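Visitor: Hi, I'm new to this one. Could you walk me through it?
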Amino acid sequence: VLLAVSSLNPFAIYYGGYFFGVVEISNIPLTLRDVIEHSNTNRGDSPPRFGLLKTISEGVFVLCFFATRVFGWSFVTYAFWVQTLPVVQDADAKTLFAALLFLISNAFLTLLQAKWSIDIL
């Protein structure tokens, strides 16, 4: 839905690269960790494999997560809100719907980032 709305109202496309792209970098080490975790299930009494790689991927995930989804997210979200709030005040109905949808979605996703940050700590 957001992609369809943003194609009709391109005012927020600049931020899509960050919110839909850059923040996903943290998923790469998380996926590696999950693959290692899955490879160690149902092994019986065998010792876990790839323990060091799992530990490294967890550390890289935490660093990437906080760099992109906590610190970077905060700055980009602030800029997004500063640019979008005036659009809400002066918008026609179609643009107003898109701007409000983006602001509400961003607020919800920001709360998720905060919750996940607390979970990680």
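Visitor: In what order do the elements of the protein run from the N terminus on?
Guide: Welcome! This is a predicted model, and its elements run α-α-α-α-α from the N terminus. That makes five helices and zero strands.

Visitor: And how spread out is the protein?
Guide: The protein is more spread out than a compact globule, because its radius of gyration is 19 Å, well over the 14 Å that the globule rule gives for 121 residues. The C-alpha trace spans about 65 × 25 × 20 Å along its principal axes.

Visitor: What about helix α4, how far apart are its end C-alpha atoms?
Guide: They are 56 Å apart. Helix α4 covers residues 51-90, and at 1.5 Å a residue its 40 residues should span 58 Å, so the two values agree.

Visitor: Where is the kink in α4 centred?
Guide: On Trp73, with a kink of about 45°.

Visitor: Switching topic: is Asn106 buried or exposed?
Guide: Asn106 counts as buried because its relative accessibility is 5%, under the 20% cut-off. Asn106 sits in helix α5, which runs over residues 93-120.

Visitor: Which residues is Asn106 in contact with, leaving aside neighbours within four places in sequence?
Guide: Phe19, Trp73, Thr77, Phe80 and Trp81. Trp73 is also where the α4 kink is centred.

Visitor: And Ser105, what does its side chain lie 2.8 Å from?
Guide: A polar atom of the Ser105 side chain lies 2.8 Å from the backbone oxygen of Leu101. Ser105 is in helix α5 too, and at 18% relative accessibility it counts as buried.

Visitor: How much of the protein do buried residues make up?
Guide: Buried residues are 30% of the 121 residues.

Technical notes. Residues numbered from 1 in each chain as written. Predicted model: local features only at pLDDT ≥ 70, side-chain atom pairs only at ≥ 80, totals over all residues. Heavy atoms only, no water. Helix = DSSP H or I, 4+ residues; strand = E, 2+ residues; numbered from the N terminus. Expected span 1.5 Å × (residues − 1). Bend = angle between axes of the 7 residues up to and from the residue. Buried < 20%, exposed > 50% of the residue type's maximum accessible area, 1.4 Å probe, protein only. Contact = heavy atoms within 4.5 Å. Polar contact = N/O pair within 3.5 Å; in protein donor to acceptor, adjacent residues only side chain to side chain. Rg over C-alpha atoms; globule rule 2.2 N^0.38 Å.
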